[in-house]
Amino acid sequence: MRTMPHPIRILIADDHFSARIGLTVPINGEDDMTVVAEASSVRQAIENYRHHRPDVVIMDYCLLGGTGVEATKSIRAEFPEARILMFTILDGEEDIYRAVTAGARGYISKSAQLEELLQAIRQLATGGTYFSPEITEKIRAREQRKPLTPRELEILRCIVHGLANKEIAAAIQMSEGTVKLHISLILDKLGAPDRTRAATLAIERGIVHLGE
């Protein structure tokens, strides 16, 4: 890995002001780091990246006007060299997989200690990546699973929200028999014995978020 010729320039993207301040203060206390910009929304994250071209972006999963994954994908599409570190409370394997697929080069839970975050920032800034053994295990587990189709994901969301087969059929304009067939495929892909377990796994893995 190369060394940085100047302090690591950081953009913090988080929808909560207190969270941004909570990161800015300790980061600016490091001799080799400085926060050059903040963002609360997807739009601001993209615009501030264009303007400041930071060395590292600390990206929350939840932003105003969209998600950190969407912001990551847009930034990496325009700036393939962008180094984006997801820093979020979400740690489901699907959450992680979406972020990595979008181009994130690191992923840390907000429950991590400050020293781990600083270590991750330094690794990304010098061309590396940062994924803890636990995060890496979840990525590998997700890669081995069969992905759900958009229709299966739609039906799974209905299951999580407690809809019966008849209600799902009416909601998505599909026959009840076809809904049952899709549910059978969903259970198989998730490795779930029934609808209740499927709903639990969907939430645990970050496939479906409550409130969506």
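Tutor: By class, the lining of the second largest pocket is made up of six nonpolar, one polar and eight charged residues, where Ala, Val, Leu, Ile, Met, Phe, Trp, Tyr, Cys and Pro count as nonpolar, Asp, Glu, Lys and Arg as charged, and the others, Gly among them, as polar. Please keep in mind that this is a predicted model, in which local features need pLDDT of at least 70 and side-chain atom pairs count only at pLDDT 80 or more, while totals for chains, interfaces and linings use all residues. Residues are numbered from 1 along each chain as its sequence is written, and side-chain values use heavy atoms, with hydrogens and water left out.

Student: Which residues lie nearest the centre of the second largest pocket?
Tutor: Of its 15 lining residues, Glu94, Arg142, Pro147, Leu148 and Ile207 lie nearest the centre. A pocket here is an open set of points on a 1 Å grid over the protein atoms alone, where a 1.4 Å probe fits, with protein on both sides within 12 Å along at least five of seven lines, and lining residues have an atom within 4 Å of a point.

Student: And which element gives the most to that lining?
Tutor: That is H4, with three residues, and at least two residues each come from H4, helix H7 (150-160) and H9. Helices are DSSP runs of H or I with at least four residues, and strands are runs of E with at least two, numbered from the N terminus.

Student: How much space lies in the largest pocket?
Tutor: About 280 Å³, where a volume is the space filled by probe spheres set on grid points that are joined across faces, edges and corners. The largest pocket is lined by 13 residues, and the closest to its centre are Tyr61, Thr67, Val69, Glu70 and Arg98. Strand S5 (66-67), helix H3 (68-78) and helix H4 (93-102) are the elements that give two or more residues to this lining.

Student: Switching topic, is arginine 20 buried or exposed?
Tutor: Arginine 20, which sits in helix H1 (residues 17-28), is buried because its relative accessible area is 11%; buried means under 20%, exposed over 50%, and partly exposed in between, with a 1.4 Å probe and protein chains only.

Student: What does the side chain of arginine 20 join up with?
Tutor: A polar contact of 3.0 Å joins it to the side chain of glutamate 38. Such a contact is a pair of N or O atoms within 3.5 Å, and within protein one must be able to donate a hydrogen and the other to accept it, while residues adjacent in sequence count only if both atoms are side-chain atoms.

Student: Where is arginine 53, and what about its phi?
Tutor: Arginine 53 is in the loop between helix H2 (42-52) and strand S3 (56-59), and although it is not a glycine, it has a positive phi of about 45 degrees. Arginine 53 counts as partly exposed because its relative accessibility is 47%.

Student: Last one: how many residues has the largest nonpolar core?
Tutor: It has 27 residues, and those with the most contacts inside it are Tyr49, Met59, Ile75, Met86 and Tyr107. A nonpolar core is a set of buried Ala, Val, Leu, Ile, Met, Phe, Trp, Tyr and Cys residues joined through side-chain atoms within 4.5 Å. The largest share of this core, four residues, comes from H2.
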